[in-house]
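Me: I would like to go through this model with you and ask, for each label, what value stands behind it.
Reply: Then let us take the labels one at a time and set each value against its cut-off.

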Amino acid sequence: MSSVNIRRAVENIKFGINIYTPLVELVVNAIQAIEQNDNADGKVEILIKRAQQQGLGFDTLPDVIGFTVKDNGVGFNDKNRTSFDTLYSEHKIDIGGKGFGRFTCLKYFEDLVISSNYIDGDTKLNRSFKMGKKNDIIENEQITPTDFDHTGTTAELKSIKKTKFVEKGHKTIARTLFEKLLPYFCTEGYTCPTVVLKDEYNGATITLNDYLKKEGKDSIIELTSYNQEFILGENNGNNQAFDVRVFKFYSPKQQKSQVNLVAHKRTVTSTPIQTYIPEFEEEFSETNDAGKTRNFILKVYVFSCFLDDNVSLERGNFDFSKESDLQYGISQVQIEEQAVKTAHEVVCEEVDKRTSKKQRLVVDYINEEAPWHTQMLDTVDISNLPMNPSEEQIELTFQKAKFNVEGELKKDVKAILASEDTESLHDKAADILGRISDSNKNDLAHYVALRCSVIDIFKKSLESGDDGKFSSEGVVHDIIFPRKGDSLKTPFQEHNLWLIDERLNFTEYLSSDLPLEGSHSDRPDLLAYDKRVVFRGENEASNPVMVFEFKKPKRNDFANPSSKDDPVKQVIRYVRKIRNGDFETPEGREINIEDNTPFYGYVVCDFDKKVRTWLEEEHDFTPMPDRKGYFRWHANLNLYIEVLSWDKLLKDAGMRNKVFFHKLGIN
């Protein structure tokens with residue numbers, strides 16, 4: 001008597017099966033029982049069992065609640081009974097039996113009930129039992145003498161668990177069953193017993209053996225001219241032959257074109273062909289002589305003794321690896337890659353059109369949104385991109401390619417430096433330097449394109465909103481330089497001081513919206529963006545110090561006689577404190593200042609009549625030729641001050657970069 005934790009065995013079945021699996025299992029067992037009986041008139045009858053009450057709709061069929069599979073095979077003799085009662089039985093191992101498939105019945109159905117007529121010697125017997133759910137595989141077994149015309153078994157799948165059988169119509173169920181059993185009906189040199197599907201509700205019957213000639217003749221067609229054979233494993237001395245059969249499926253509904261690996265006449269794995277050729281993502285279409293257009297997909301079936309020998313226990317996978325396999329030398333991916341080439345041949349013209357469309361999408365994205373990738377257009381492999389890639393997917397593909405190129409460059413540079421082959425050093429170095437140059441072009445183009453975006457954002461921030469108000473005081477400041485930053489938080493590549501002056505790109509940052517009154521001083525909260533920003537190069541007396549003051553667009557109250565926010569006076573006062581040694585570097589070191597240390601002050605604000613009068617009469621500034629800026633020299637402080645309008649800042653930044661934008665075709 002068996003003792004198996006059946007519940008755990010069923011719960012552990014998690015992959016490679018669906019609600020059709022137990023039905024297919026019973027049908028295959030019935031076919032095998034007929035083969036054991038060597039019955040030339042072998043027949044398998046599948047009866048669709050339905051609920052007693054019809055569905056809510058007038059034309060709705062009653063729900064499918066189970067199936068009965070009946071055959072005229074050898075029956076459950078003692079040998080077959082013992083095999084059923086043995087976990088991992090080896091009884092059918094030579095024809096692919098794993099001794100486990102019956103457990104899938106209890107995965108989706110409440111009960112599996114068996115009644116079988118068989119002959120023991122000269123005695124005709126009937127054996128009936130129910131598959132157990134606890135520890136005994138066989139329960140309620142009864143053996144009684146009986147009289148019958150032929151042996152055979154009736155297996156009942158009762159009460160679907162937790163779900164409904166989605167496909168109700170007998171024609172739809174027949175098509176699905178045929179697809180899953182297709183290798184039985186199409187294997188060369190094999191004649192399958194008659195398999196009939198019957199609906200108990202309306203008595204309709206379909207013979208699956210004739211499906212391609214009758215009910216399915218307009219829905220499934222074998223493309224015999226594309227069938228072929230290929231060999232794998234030649235490199236490791238493990239030559240294995242694989243046969244490919246190609247079928248066209250019309251009106252596929254939700255199905256995708258797929259490649260199916262078959263073992264012992266049963267489909268084991270089904271992989272979408274789009275995994276290998278993204279252009280298979282959508283259905284194909286064709287127009288017949290009558291002008292009717294129909295959609296279709298392709299299904300490729302692969303047969304091989306290698307697949308027969310290495311199918312997994314649950315028949316849902318194979319023992320060899322999916323990606324690469326050191327033990328067997330042949331992987332699932334290798335088999336599928338070779339097989340899908342056949343599918344590509346069938347629809348190569350349409351695939352080429354889809355590929356061209358994808359290439360246009362990529363080129364358009366690069367030209368319009370990412371010109372910095374132009375140098376890589378001819379080198380990046382886009383074959384794995386989806387058929388209709390998003391901008392994000394295109395960008396990620398090019399970024400990954402750039403990363404890989406840079407990784408190879410670094411590896412090659414290390415190899416050259418470690419090599420003692422001085423004779424070829426020049427040629428290798430020249431090649432690598434050329435590749436580095438291409439990579440740098442990509443980075444430069446990217447940087448220039450980002451500048452264009454920054455200018456667009458900066459321009460937008462200077463415009464008034466729908467309410468007539470201008471951006472808050474922090475917005476413009478943060479675009480130029482983040483508030484409350486320091487030299488550790490904001491390296492040169494993360495600020496946009498180039499909007500004011502290109503020379504500010506590589507200056508050493510001292511302070512932005514932070515006091516410079518010693519390294520241990522408190523940091524006050526930011527009240528507005530008209531705090532000082534100070535930059536300089538290396539902390540040497542000869543290097544200039546730059547001081548900035550920003551005023552909110554359209555603000556002019558700082559020009560009032562009583563204002564304490566006079567930006568010119570603030571710059572002068574700040575320079576005096578620096579010259580007097582009142583401040584330290586962020587590291588707490590003294591700022592090196594001499595009498596000849598140059599100072600530059602920048603004030604950025606909007607000009608109106610009041611501000612112009614204030615600059616010219618109160619501070620004696622000289623207007624620039626475009627009158628969008630003013631300048632003044634303070635000889636006693638060695639200080640040169642420019643007061644610039646926001647418009648001038650924006651215009652000059654655009655003009656300085658215009659030629660680069662033009663070269664990239666982005667402005």
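Reply: Valine 547, with a relative accessible area of 0%, is buried, and valine 547 belongs to strand S18, which covers residues 545-550. The model is a predicted one.

Me: Why is valine 547 called buried?
Reply: The label buried requires a relative accessible area under 20%, and because the value for valine 547 is 0%, the residue is buried.

Me: What makes valine 300 count as buried?
Reply: Its relative accessibility is 0%, and the cut-off for buried is under 20%, so valine 300 counts as buried. Valine 300 is found in strand S15, residues 293-303, and its C-alpha atom is separated by 5.8 Å from that of arginine 245, which is 55 residues away along the chain.

Me: How do you know that glutamate 179 and lysine 299 form a salt bridge?
Reply: The closest N and O atoms of glutamate 179 and lysine 299 are 2.5 Å apart, and a salt bridge asks for a side-chain nitrogen of Lys or Arg within 4 Å of a carboxyl oxygen of Asp or Glu, so the pair qualifies as a salt bridge. The pair links distant parts of the chain, with glutamate 179 in helix H5 (residues 170-186) and lysine 299 in strand S15, 120 residues apart. Both glutamate 179 and lysine 299 are buried.

Me: What makes lysine 248 and glutamate 286 a salt bridge, and is each of the two residues buried or partly exposed?
Reply: Their closest N and O atoms lie 3.0 Å apart, which meets the requirement of within 4 Å. This pair, too, links distant parts of the chain, since lysine 248 lies in strand S11 (residues 240-250) and glutamate 286 in strand S14 (residues 284-287), 38 residues apart. Lysine 248 has a relative accessible area of 11% and is therefore buried, whereas glutamate 286, at 29%, is partly exposed, the boundary for buried being under 20% and that for exposed over 50%.

Me: Why is the pair of aspartate 78 and arginine 127 said to tie together parts of the chain?
Reply: The two residues form a salt bridge in which the closest N and O atoms are 3.0 Å apart. Aspartate 78 lies in helix H3 (residues 78-84) and arginine 127 in strand S4 (residues 123-131), so the bridge ties together parts that are 49 residues apart in sequence. At 40% relative accessibility aspartate 78 counts as partly exposed, while arginine 127, at 3%, counts as buried. Asp78 and Arg127 also belong to a network of salt bridges that links them with Arg81 and Glu141, and a search of the whole structure finds 24 salt bridges.

Me: What makes the phi of aspartate 620 worth a remark?
Reply: Most residues other than glycine have a negative phi. Aspartate 620 is not a glycine, yet has a positive phi of about 60°; it is found in the loop between H13 and strand S20 (622-623). At 56% relative accessibility aspartate 620 counts as exposed, the cut-off being over 50%. Arginine 627, likewise not a glycine, has a positive phi of about 55° and lies in the loop between S20 and S21. At 38% relative accessibility, arginine 627 counts as partly exposed.

Key: Residues are numbered from 1 along each chain as its sequence is written. This is a predicted model: local features need pLDDT of at least 70, side-chain atom pairs count only at pLDDT 80 or more; totals for chains, interfaces and linings use all residues. Side-chain values use heavy atoms; hydrogens and water are left out. Helices (H or I, at least four residues) and strands (E, at least two) are DSSP runs, numbered from the N terminus. Buried means under 20% relative accessible area, exposed over 50%, partly exposed in between (1.4 Å probe, protein chains only).
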